[in-house]
Amino acid sequence: MVAVIPDSRPARIQALVAEQAALRGARVSVLDVCTAAVAALPVGGAGMSAMSLNRASHPLCSTDSVSQHLEELQLTLGEGPCVDAYVLRSTVLCPDLLAGELQRHWTVFADAALEAGARAVFAFPLQIGTVSPGVLDLYSSRAVELDTEEVADAMAFADAATLILLAARIGETSVPFETHAAGTGRQDTNPPDDLGGYRAEIDQATGILMVQLDVGFEEAFIRLRAHAYARGTRISAVAADVIAHRLRLSSDTARSGIQPPEARPRDEES
């Protein structure tokens, strides 16, 4: 009889994540998944965003300033590997952002990501069955391809993150937005102080715009993103201004502003 050897990958990945949590002296979190993935794979950084079809998406954690910027960038633009991975429920592997087809597909994100310091980007949907709470993003400052084993490991890291998020029930509880300060290993908390507050702030601003502009949720969120994109600022900062009544978008000014790629009509690809 041939013995069946169980797949040890999930156990190995869980051990790597637990090791990162032990180094922080804290409970296991999605930040530990990101830092473990960076340590195990040929990438320079990792980030994670919570995604939803009926709520504003928001970043969860990042390992460095570049990955943090990439998460915010995709949220603001509404395009990038994170968005595609979530919509398609499929892994998105981009070993070189200078590739012509990627430049055409992500008309703004590709150049912005290169300027931020990313050359290769990889996105893995967090998914168990039909449940998909977000996406794990990895980046490298140089062109690189992940081999079969590395892709399988990255998917296992995504699975570990999914279990952590579902256990934390992030839709109902506050989870800190976490990031490691570059080169220090120190954990920072970026404003807003908790993830629930970050999401609630964007949702509240979107609701205000729905009333001001007499539009639906999706259109209001697009207008919010468009304003942030046109001014080169974070969507969370624009949301805060809307809530504090420091910013009011009229129907005319919203329509005349520069729109992010998702809101702009595109020529059909040949």
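This is a predicted model: local features need pLDDT of at least 70, side-chain atom pairs count only at pLDDT 80 or more; totals for chains, interfaces and linings use all residues.
**Helices H3 and H6**

Two packed helices are described by the angle between their axes and the distance between the axes. For H3 and H6, the axes come within 10 Å and cross at roughly 160°. An angle over 145 degrees counts as roughly antiparallel, so H3 is roughly antiparallel to H6. Their crossing is right-handed. The residues that make the contact are listed below by helix.

| Helix | Residue range | Residues in the contact |
|---|---|---|
| H3 | 65-77 | Val66, His69, Leu70, Leu73, Gln74, Leu77 |
| H6 | 109-116 | Phe109, Ala112, Ala113, Ala116 |

Of the residues in this contact, eight are nonpolar and two are polar, with no charged residue.

**Helix H4**

Helix H4 covers residues 81-88. Because six of its eight residues are buried, H4 is largely enclosed by the rest of the structure. The buried residues are Pro81, Cys82, Val83, Asp84, Ala85 and Tyr86. Arg89 follows H4 and has a positive phi, near 55°.

**Val215**

Val215 lies in the loop between helix H8 (195-213) and helix H9 (217-230). Is Val215 buried or exposed? Its relative accessibility is 18%. Buried means under 20%, so Val215 counts as buried. Leaving aside residues up to four places away in sequence, Val215 touches Leu209, Met210 and Ala220. Leu209 and Met210 fall within the range of H8, 195-213, and Ala220 falls within that of H9, 217-230.

Notes:
Residues are numbered from 1 along each chain as its sequence is written. Side-chain values use heavy atoms; hydrogens and water are left out. Buried means under 20% relative accessible area, exposed over 50%, partly exposed in between (1.4 Å probe, protein chains only). Helices (H or I, at least four residues) and strands (E, at least two) are DSSP runs, numbered from the N terminus. Contact means heavy atoms within 4.5 Å. Axes are lines fitted to C-alpha atoms, for helices over the stretch in contact, and angles run from 0 to 180 degrees between N-to-C directions. Angles under 35 degrees count as roughly parallel, over 145 as roughly antiparallel, 65 to 115 as roughly perpendicular and the rest as oblique. A crossing is left-handed if the near helix is turned anticlockwise from the far one by less than a right angle, and right-handed if clockwise. Ala, Val, Leu, Ile, Met, Phe, Trp, Tyr, Cys and Pro count as nonpolar, Asp, Glu, Lys and Arg as charged, and the others, Gly among them, as polar.
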